[in-house]
Amino acid sequence: MEIADKTVVLFDYTLTDSAGNTLDSSAGRGPLAYLHGARNIVPGLEAEMTGKKAGDAFKVTIPAATAYGDRDEQMVQPVSRQAFPTGVEIQVGQQFQARGQDGVARVVTVVAVDSEKVTVDANHPLAGKELTFDVKITEVRPATDEELQHGHVHGPGGHHH
């Protein structure tokens, strides 16, 4: 069966940056499962998966724009220290969940701290980076009605309710 919309795909992968550093891998965890066409993985990789079959292996470099997007410096903003819980030591690198002006919850990373403000970055940590995926597809199957309704994979390698 070929990968197409409404199929469930399981694949092993190693993700590296442009310098060849490993950023993530399914090694030791088992294959990643996703519902093709439901935007569950980065768009550039999903496009490359289309038409492939179980057993196929490939390596592809995805530009930032179709991976986690380009960096947006407007997403780096100072926030009053009063917006954070009192008594909590805030350090560079910590992550918090915050709601943007659009009401959408985002993970933000602290990039600077002083006595009056905390500067946070709402860009994805991999935004602006070209990424290389080394992929081996292990299984392709039709999605169940429930998976299609929920927009994600259920069971081994996927979401468990």
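These legends walk through several close-up views of a predicted model. Residues are numbered from 1 along each chain as its sequence is written, and, because the model is predicted, local features need pLDDT of at least 70, side-chain atom pairs count only at pLDDT 80 or more, and totals for chains, interfaces and linings use all residues. Side-chain values use heavy atoms, with hydrogens and water left out.

**View 1. D121 and R71 form a salt bridge.**
Side chains of opposite charge can pair when their charged atoms come close. Here, a salt bridge is a side-chain nitrogen of Lys or Arg within 4 Å of a carboxyl oxygen of Asp or Glu. How many of them does a search of the whole structure find? It finds six. In the D121–R71 bridge, the closest N and O atoms are 3.0 Å apart. D121 belongs to strand β8 (residues 117-121), while R71 sits in the loop between β4 (57-62) and β5 (76-80), so the pair ties together parts that are 50 residues apart in sequence. Strands (E, at least two residues) and helices (H or I, at least four) are DSSP runs, numbered from the N terminus. D121 is buried at 10% relative accessible area, whereas R71 is partly exposed at 37%. For these words, buried means under 20% relative accessible area, exposed means over 50%, and partly exposed is in between (1.4 Å probe, protein chains only). E73 joins in too: R71, E73 and D121 are linked in a network of salt bridges.

**View 2. Two further salt bridges involve R106 with D102 and K117 with D114.**
R106 and D102 meet through their side chains, at 3.2 Å from N to O. R106 is partly exposed, with 30% relative accessible area. In the K117–D114 bridge, the closest N and O atoms are 2.9 Å apart. K117 is partly exposed at 36%, and D114 is partly exposed at 33%.

**View 3. M75 sits in the loop between β4 and β5.**
Is M75 buried or exposed, or in between? M75 is partly exposed, at 26% relative accessibility. Leaving out residues up to four places away in sequence, M75 touches R106, V120, D121, A122 and N123; contact means heavy atoms within 4.5 Å. M75 and K52 are 23 residues apart in sequence, and their C-alpha atoms are 36 Å apart in space.

**View 4. F11, Y13 and Y34 form one aromatic cluster.**
Rings of Phe, Tyr and Trp (its six-membered ring) pair if their centres lie within 6.5 Å; planes under 30 degrees apart count as stacked, over 60 as edge-to-face and the rest as tilted. By this rule, there are three aromatic pairs. F11 and Y13 have ring centres 5.7 Å apart and planes at 50°, so this pair is tilted. F11 and Y34 are edge-to-face, at 5.8 Å centre to centre with 85° between the planes. F11 lies in strand β1 (residues 7-16) and Y34 in strand β3 (residues 32-35), so their pair ties together parts that are 23 residues apart in sequence. F11 is buried at 1% relative accessibility, Y13 is buried at 9%, and Y34 is buried as well.

**View 5. D134 is found in strand β9 (residues 131-142).**
D134 is partly exposed, with 40% relative accessible area. Not counting residues up to four places away in sequence, D134 touches D12, Y13, T14, F58 and K59. D134 and S25 are 109 residues apart along the chain, with 9.3 Å between their C-alpha atoms.
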